[in-house]
There are 2 protein chains.
Amino acid sequence: MKEMTRKSLLDAFAGESMAHMKYLAFSEVAEKEGYPGIAKLFKAIAYAEQVHATNHAKALGLIGTTQENLKEAAGGEHFEINEMYPAYDAIAKLQEEKLAERYIHYALEAEKVHEQMYNDALKDVEDNKDKEVDKVYVCPVCGYTAIGDLDFDKCPVCGVPADKFVEF
Amino acid sequence: MKEMTRKSLLDAFAGESMAHMKYLAFSEVAEKEGYPGIAKLFKAIAYAEQVHATNHAKALGLIGTTQENLKEAAGGEHFEINEMYPAYDAIAKLQEEKLAERYIHYALEAEKVHEQMYNDALKDVEDNKDKEVDKVYVCPVCGYTAIGDLDFDKCPVCGVPADKFVEF
Ligand SMILES: [Fe+2]
Ligand SMILES: [Fe+2]
Ligand SMILES: [Fe+2]
Ligand SMILES: [Fe+2]
Ligand SMILES: [Fe+2]
Ligand SMILES: [Fe+2]
């Protein structure tokens, strides 16, 4: 693909991904404010933006085999843990932006677990096995992620009660 | 919020939104390749990235009331219809990148419908009413969106059979 077309699609992929994300949040707000019709509309259009984003990702060659995808995912988490979030944490601390600092901390702690999980899964795929995953639980406040039964009463990162975790 | 912290969080919001989107696509690939455990892991971690993205969006003040959110959403669609996708379409045509051109066309056509839907819903909210929405259908190939019963056999944009549309 020619470079300027690639740049266009990368920008469109970012824009569609952010639109998808905003519409999901807007859907929740509409639900809470007593607009179920508008909540449904935001949810449906969020899915339409997912279709657009996924088309652009396919054209860009961002989606590979599972083995390639696990390497790509682990690499992204590694960058966030070792460069992106530490840099943004330093800026938030310097500027005394407490809320930003908290959300950066939440993300950084979860990404550490994600990188490990992806690398473990990659070893299994390299041995031609699936990863044995019974349940996966995710904290709805900070994104902390755990495989298997939860052995804590409160989220180890943000302290939310364990029974609020979302099960996959 | 101080400007450099704002820039950090905007970049992190974009990164988390794109990670969420990629992991959803990676989950589908894993499912198809016969790795249900890894498919579940990608899906759960996609949700964790949604939590991160939503936290950043909240700190940035990107999420308002439903009335504000509809204006923001309509404005985003308007930009994509009138500037972003026409510009990228011109580049893709110039560079004879057929696949990019097709996916840009798909998105542009859907965004036109989205802007109209958001503006209609905004009028209802300004009259203190919800939008009457029975069903919303979305094309899984091009993202074309329709409210109410489908009055066509094939998607008017991409030609996929109407019974493939996803119902919300
Ligand atoms: Fe879109
Ligand atoms: Fe992550
Ligand atoms: Fe948590
Ligand atoms: Fe994240
Ligand atoms: Fe749209
Ligand atoms: Fe379509």
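Author: Let's start with a pairing in chain A: strand β1 (residues 136-138) is joined to β3(A) by two bridges, and the strands run antiparallel. Before we go on, this is a predicted model, where local features need pLDDT of at least 70 and side-chain atom pairs count only at pLDDT 80 or more, while totals for chains, interfaces and linings use all residues. Residues are numbered from 1 along each chain as its sequence is written, chains are lettered from A and ligands numbered from 1 in the order in which they are written, and side-chain values use heavy atoms, with hydrogens and water left out.

Reader: How do you know that β1 and β3 of chain A count as a pair?

Author: Two strands pair if DSSP finds at least two bridges between them, and β1(A) and β3(A) have two, so they qualify. Strands themselves are DSSP runs of E, at least two residues, and helices are runs of H or I, at least four residues, numbered from the N terminus. Across from Y137(A) stands E167(A), in β3(A).

Reader: What is the strand order in the open sheet of chain A?

Author: The order is β2-β1-β3, three strands with antiparallel pairing. β2 (145-147) and β3 (166-167) of chain A are at the edges because each has a single partner strand, leaving one side without a neighbour in the sheet.

Reader: What lies across β1, β2 and β3 of chain A?

Author: That's helix α2 (residues 36-60) of chain B, running at about 5° to β1(A). Contact here means heavy atoms within 4.5 Å. Axes are lines fitted to C-alpha atoms, for helices over the stretch in contact, and angles run from 0 to 180 degrees between N-to-C directions.

Reader: Why are E49(A) and H52(A) about one helical turn apart?

Author: Because they are three residues apart in helix α2 (residues 36-60) of chain A.

Reader: Are E49(A) and H52(A) buried or exposed?

Author: Buried means under 20% relative accessible area, exposed over 50%, partly exposed in between (1.4 Å probe, protein chains only). E49(A) is at 1%, so it counts as buried. H52(A), at 0%, is buried too.

Reader: What makes F26(A) and F42(A) an edge-to-face pair?

Author: Rings of Phe, Tyr and Trp (its six-membered ring) pair if their centres lie within 6.5 Å; planes under 30 degrees apart are stacked, over 60 edge-to-face, and the rest tilted. The search of the whole structure finds 18 aromatic pairs over all chains. In this one, the centres are 5.4 Å apart and the planes at 70°, so edge-to-face it is. F26(A) sits in helix α1 (residues 3-32) and F42(A) in helix α2, both of chain A, so the pair ties together parts 16 residues apart in sequence.

Reader: Why is F26(A) called buried?

Author: Its relative accessibility is 0%, so F26(A) counts as buried. F42(A) is also buried, with 0%.
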